[in-house]
Amino acid sequence: MKRRDFMALALGAMPTLALGAMPTLARAGMARQEEPRRPRRPQRIVTLFQGATDTAVALGVVPVGVVLSWQDPPIYPYLRSALAQASLLGLETQPNLERIALLEPDLIVASRFRHQRIAPLLSALAPLTLLEDIYHYRYTLETMAQTLDRQARAESLQRVLASRMATLRARLQQRFGARWPLTVALLDIRAGEIRSYLAPSFGGSVLTQLGFRWPRQVEGHAGVLLRLGGVESLPAIDADVFFLLQPRDRPAREHYRRLRGHPLWQRLAAVRQGRVWQVDPVAWSLSGGILGVFGMLDDLDAWLDTTEASA
Amino acid sequence: MGEARVLRLGRFSRVVAWRAWCRVVAALLVVLLILLASLALGEAALSAPQWLAALRSPDSGAGLILWQLRLPRTLLGALVGAALALSGWLLQQVMRNPLASPDTLGVTAGAATLAVGYLAFLAADVGTAWMPLAAALGALLAVLLVMLAAWRGGTTPLRLVLMGIGLSTLLSAVTTFVLVSSPLTTTLSAYVWLTGSVYGGNWSDVGWLAACFGVALVVLMPWVRLALLAPLDDGLAVGIGVRVQWTRTLLILLAAGLAGIAVAWGGAMAFVGLVAPHVARRLLRQPGAAQIAMAVVVGAGMTMAADLAGRLLFPPLDLPAGLFVAAIGTPFFLGLMMKQAR
């Protein structure tokens, strides 16, 4: 190597050394943080996804900070009175970390699914419980009951839920007799597409527990939802009952209006038998927690009341 | 060149444009001010004494905000901007085209395709930790593909640009397809990535990006002279003894690597790579080491300012810096161009 090249290299090394110092600084910065102490019964908790917020309220631990809701922001109407004092922490996908730090929580509940990237920062701020996913309400309930030390409360909630479900199952059986179990589809009609939530989804899992069956086309489908591009794929969602999330905006309502006029839609079993029931999207899809499940059961009771009255 | 002086160290000598470097230092001071502002401002309002105390005690609550939240993310923004600006400067030299940027060669599109694909198909099982690798890989693959397609016993800038734009368009289509067909939940994080954001940057991100940037700089250093000659006509360059094809390939790969690592951690905010070199050129006419340094400083300053704006302007929302790179960068850029036109 020529000497000139060597000198150039040496000059080049200087800024590089400065940059090289950054990883060292980084390591020092990381070494300094120690695991914050985890209290046995956390009081000031922060919940970073909707299902955790719902579940915390159900367990009687009102969060001091929550993320914005997906619909009717800032907070779903059914949680508004409980969360009147809670701070808003921005979007579920990108919560405001400084606000979380300022709240000095003694527990943060987040999900690996959404917050894996910021998990190291979160756990530097407060003890962190990272749930694997966000839509298994029972798993959320059990995990949170354990970290919050509210197992008794969780068990009584599960008991109430089980007995309500048993009542509803019996009622469904009685109402539909030999035709029971009915096949079901949980639909979300949006401006540009139709979504069909399947058995593994939040709403779908509750319907399965109630004894509803899924059409053969989607039975055993691993995904949470099916997206239909156009009317031609409508037969793929054919079922005895449609629970339809209330279209949330004008384009979606317009889409639904057009769909109802379409012959392929009119040939679907649920439509022919007049069993399309609009339900609250917050309870049926967005809440992700056990309070949302109770909301679903209320809706189903109301639906049965109506069908029985008309029968 | 009355403002240039010669620096001699034994047999090593360099022409140093002192005036130009003074301007670079001035720009650096502005960037340091932005850094200070990024550290001082935020959701948690700290008084000056509180702030100083927090600076000294990284373990306190306020110290945590400074040392774990504000500083790493600001540095990450600075590094992303610096790498993109350097990449853009190199490409504009090599392509002899003021509109060249990491976008033009398909770097961003390649990174985006693989990053979004990773989010859609792998993130659920593997976690998001390897996403930077996917993005960097995508960037490099895209550039290699462009070079391969444009190679006909050598490349010309025009062929490269055309191939790059073509491949970018193709890859954008693939990205859109993946976005449309992937579950709704990944779509959200993908959009944030596509806008470009240093949200949630931590020290390990900073360390990795700094190390990669450092390696790229070391590799680049001996070849900067050739980058300065790149705008010359091929025949002329050959005449003064430049290995044109070899140099071009090397510099393009370096630029792609720089943009790739920047995009890997900062998301697709390649606009910095287009604008920062122009701003640097307006501030410093003479191409040279000082102009490169200026581009790097401007790029770092732009992303830092954009991230600060994203953090402060719409609380409690923490918006992606990429939004504000465009929102702040474009008027500044247009202003400079108009001033020059007059």
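# A guided tour of chains A and B

Begin by selecting strand β4(A), where Leu107(A), Val109(A) and Ser111(A) point one way, Ile108(A) and Ala110(A) point the other way, and all are buried. A residue is buried if 20 or more other C-beta atoms lie within 10 Å of its own, exposed if 12 or fewer, and partly exposed in between, with C-beta atoms placed from the backbone. In a regular strand the side chains alternate between the two faces of the sheet. Strand β4 comprises residues 107–111 of chain A, and five of its five residues are buried. Helices (H or I, at least four residues) and strands (E, at least two) are DSSP runs, numbered from the N terminus.

This is a predicted model, in which local features need pLDDT of at least 70 and side-chain atom pairs count only at pLDDT 80 or more, while totals for chains, interfaces and linings use all residues. Residues are numbered from 1 along each chain as its sequence is written, and chains are lettered from A and ligands numbered from 1 in the order in which they are written.

## The sheet around β4(A)

Next, select the strands on either side of β4(A). Strand β1 (residues 45–47) of chain A pairs with β4(A) in the parallel sense over three bridges; two strands pair if DSSP finds at least two bridges between them. Across this pairing, Val46(A) stands opposite Ile108(A). Strand β5 (residues 128–131) of chain A runs parallel to β4(A), joined to it by four bridges, and Leu130(A) in β5(A) is the bridge partner of Ala110(A).

Now display the whole sheet. It is an open sheet of five strands in the order β3-β2-β1-β4-β5 (chain A), with parallel pairing. At its edges are β3 (87–88) and β5 of chain A, each pairing on one side only.

Helix α2 (residues 50–58) of chain A lies across β1, β2 (65–66) and β4 of chain A, at about 140 degrees to β1(A). Helix α7 (residues 137–148) of chain A lies across β4 and β5 of chain A, at about 165 degrees to β5(A). Axes are lines fitted to C-alpha atoms, for helices over the stretch in contact, and angles run from 0 to 180 degrees between N-to-C directions. Two residues are in contact if their C-beta atoms, placed from the backbone, lie within 7 Å.

## Loops of chain A

Select Pro74(A), in the loop between β2 and α3 (77–80) of chain A. A cis peptide bond joins Pro73(A) to Pro74(A), with omega about 5 degrees.

Move to Glu104(A), in the loop between α4 (97–103) and β4 of chain A. Its phi is near 45 degrees, a positive value in a residue other than glycine. Is Glu104(A) buried or exposed? It counts as exposed, with 12 C-beta neighbours inside 10 Å.

Asp149(A) lies in the loop between α7 and α8 of chain A; its phi is near 60 degrees, also a positive value in a residue other than glycine. With 14 C-beta neighbours inside 10 Å, Asp149(A) counts as partly exposed.

## From one domain to the other

The domain assignment of chain A gives domain 1 (45–153) and domain 2 (181–279); such bounds come from an automatic or database domain assignment. The C-alpha centres of the two domains lie 30 Å apart.

Select helix α8 (residues 151–176) of chain A: its 26 residues should span 38 Å at 1.5 Å a residue, and its end C-alpha atoms are 37 Å apart, which agrees. The expected span is 1.5 Å times one less than the number of residues. Just after α8(A), Gly177(A) takes a positive phi of about 55 degrees. Pro181(A) lies in the loop between α8 and β6 of chain A, and the peptide bond from Trp180(A) to Pro181(A) is cis, with omega near 0 degrees.

Then select the open five-stranded sheet with the order β8-β7-β6-β9-β10 (chain A), whose pairing is mixed. Its edge strands are β8 (225–228) and β10 (276–279) of chain A, each pairing on one side only.

## A stop in chain B

Finally, turn to chain B, which has 14 helices and two strands. Select Leu84(B), in helix α3 (residues 61–95) of chain B. Leu84(B) is buried, with 38 other C-beta atoms within 10 Å. Among the residues that Leu84(B) touches, not counting those up to four places away in sequence, are Pro102(B), Ala259(B) and Gly299(B).
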